[in-house]
Amino acid sequence: MEIKETEARFVFLRGKVFLFIGVAFLGTLLLLFLIAKQRGLFMKTEEVYFIAERATGMYTGMPVKVSGFKIGRIKEMKLLDDARVKVVLSIESPQMKWLREDSYALLTKEGLIGESVIEIIPGKGRNLRPHEALNFEKLKGFEEMAQELKAELTVIIHEIKELLHYINSPQGDIKKSLANLEKVSEGLIALTSEAKVTIEDTDKLIKELDGSVANVTVKAEVTLDETRKRLEELSGLISDTRNSLNKITENIIHTTQNLKEATGKTSKDIPLLLQKTERSLQDVEEILQSIKGLWPLRSGIKKEAVRPLSGDTYAP
Amino acid sequence: MHLRPQGWSKIRSEQNRYLRHQKSFRSLIFLFFLIFSGLTAGCYKEPPKEPYRIQELKRLIIDAERFSEKDPERALALYKEALKKSRLLQDDKSSLIILLSLSRLLTSNLEIPQERIEEARDLVNSAKALLSRSIDEIPLELLEELRLEEARLILLSGKLPDGGELTSVRGVRVVEDLLKEIINSPSENIRIRALNLLGRLYIKKGLFDLAEKSLIESIKINNGNLKMEEANSHRLLGEVYMSKISVTIGGVSNSYGTVQGKNFTNFNFQQAEYHFQKALLIDRELGLPYKIGMDMEALARLYREAGDKRLAKEYYLRALEIWRLQESRERARSIEKALEELQE
């Protein structure tokens, strides 16, 4: 005997259940479809590739962007026979217009420490066809920049050391120039005394003029020759001195510039270093204060009493 | 058929017993730890914390005290800042401490201008006024410190707060009264300083026996806690004995070795030399240049008094070097004058 359902709520119960499940299933399908569409699964894509020296920093699914907009992703990466890497990009067909034969794919980061992306720099040549190769460059990351900076700083420090060594070296130009200057000044002093002697000789000769004119003339000529020679020597010495002084001045200017640059670079770092040290010390003090305040330790630490300054009873 | 070695069941039962013991031991430790933590948490009562502003004020005063020797200007600024804070917080005790410290800081130099002494006196007067209207409980030690400072300023300026002279009978009595109230203080530090001040007062008045008694008492109490005060006591005692030499030989300079029949004088000389040298030793330990200069000068005066021109000149020259380094022109000039007199 067939039992009929008389309760209104249970009439067409099966149908209702199927309808409910069906709607839920359809809803789920619709949701999945929309997500897939959003992710670009139904978007027609084209493949291009580039060859990189290494795959470090790249991964399958990595976004490919133009001016910050995603236009595709890395589809796959293959290691070639020559140990290089072929990276295949999957680009949305409508976005293929950005890819030209002189376009560049750059492995870069969004910000200094942001996510790694492949950034396309659009070119001006003909449009790239599917399965054609793209140029590739890797931009320097933070670590590389730090490495380069370190290398540059090492060179600078080395140069400063060399400069100081050069200034201090007894065989260096500066020390030599100073020694030369000293010699030149000594020569000048000697020359002055010699010239004085010569003038005195001349004076004597003039006094003897009355005795023998002819003799005097001869002697005067000799003296004049002597004086001329001395003057020539003097002029030579002066030009030597001038050259030496010029050289010294050049060296000094060069050294001062180098020193200025070196001090300029270092002096910028010193306040920063001091600030950091001060902060670290403050942190350490705070930590110590906190530790001191802990219950089991606190009782063992003697508190500093606040009292007036002791003063001195023996004021003069 | 799988055969088990002989005694297998015995080994198993031993193993089980060991594991059971280990388990129960662990449980016991855990239980003990649980009870201990519970008791600790239950019995511990956190002490009441001082408000942050009070802590900040105290730290400021402690910092100022630390800077008082090496960088007095900074210490002065810190004390002034602390004074502002203490008034904002209406903390009378801290205000008193700061006012006293400021007064001592202002009058701790080698050469103290009169204005500074007046400023210090104003600070002490402010402290007294504050004390009179304070409702806080002020510790006895602080009240005694205030009296001590008052007496010290009178001795330093040579004048009473009302303008009277220290050298007058009333002046001596005022200072004596102030100090006698505190020479029996429960605080050793206050007792030592009060006795030293009393010694100074008696020296000023020419009461050398009383001064000697006070200063010896001060040295006896001081067990090296207040090194600077110990040196002060020795220096003052040296002055006492040196004054006794002059008194004994009628103010006439004489060689200590040739004073006939005056062993007393020789004893005084030896005592004075011992105490001055002791003061010099302590001041060298403390590294206080102006105190070392004073000790050298005192020794030079002693040798001069005793007629030993060589030693007198040597110590005068050493003192002169110190005063020149300290840029104390007046003192350097007075030594140059003494050296000239020695040459004659």
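Which residue stands opposite Leu79(A) in S4(A)? The structure is a predicted model, in which local features need pLDDT of at least 70 and side-chain atom pairs count only at pLDDT 80 or more, while totals for chains, interfaces and linings use all residues. Residues are numbered from 1 along each chain as its sequence is written, chains are lettered from A and ligands numbered from 1 in the order in which they are written, and side-chain values use heavy atoms, with hydrogens and water left out.

In S4(A), the residue opposite Leu79(A) is Val85(A). Strand S3 (residues 69-79) and strand S4 (residues 85-92) of chain A pair in the antiparallel sense over seven bridges. Strands here are DSSP runs of E with at least two residues, helices are runs of H or I with at least four, and both are numbered from the N terminus; two strands pair if DSSP finds at least two bridges between them. Strands of a sheet pair through backbone hydrogen bonds, either parallel or antiparallel. In chain A, seven strands form an open sheet with mixed pairing, in the order S1-S4-S3-S2-S6-S5-S7. Its edges are strand S1 (45-52) and strand S7 (135-138) of chain A, each of which pairs on one side only. From one strand to the next, the twist averages 30° (axes are lines fitted to C-alpha atoms, for helices over the stretch in contact, and angles run from 0 to 180 degrees between N-to-C directions).

Chain B has 14 helices and zero strands. Of its 344 residues, 44% count as buried (buried means under 20% relative accessible area, exposed over 50%, and partly exposed in between, with a 1.4 Å probe and protein chains only). Among contacts in chain B with a separation of 6 or more, 60% are made by residues 24 or more positions apart, a contact being heavy atoms within 4.5 Å. Leu76(B) lies in helix H3 (residues 72-88) of chain B and is buried, with a relative accessible area of 10%. Not counting residues up to four places away in sequence, Leu76(B) touches Leu102(B), Leu105(B) and Leu106(B). The C-alpha atoms of Leu76(B) and Glu65(B), 11 residues apart along the chain, are separated by 9.4 Å.

Pockets and cavities were located on a 1 Å grid over the protein atoms alone: a cavity is a set of points where a 1.4 Å probe fits but cannot get out, a pocket is an open set with protein on both sides within 12 Å along at least five of seven lines, and lining residues have an atom within 4 Å of a point. Grid points are joined across faces, edges and corners, and a volume is the space filled by probe spheres set on the points.

The second largest pocket has a volume of about 970 Å³. Its lining comprises 31 residues, of which Ser68(B), Glu69(B), Met228(B), Leu288(B) and Tyr290(B) are the closest to its centre. H2(B) gives the most to this lining, with four residues. The lining of the second largest pocket divides into 10 nonpolar, 10 polar and 11 charged residues (Ala, Val, Leu, Ile, Met, Phe, Trp, Tyr, Cys and Pro count as nonpolar, Asp, Glu, Lys and Arg as charged, and the others, Gly among them, as polar).

Three cavities of 30 Å³ or more are counted, and about 50 Å³ of space lies in the largest cavity. Helix H5 (114-133) and helix H6 (140-157) of chain B each supply at least two residues of its lining.
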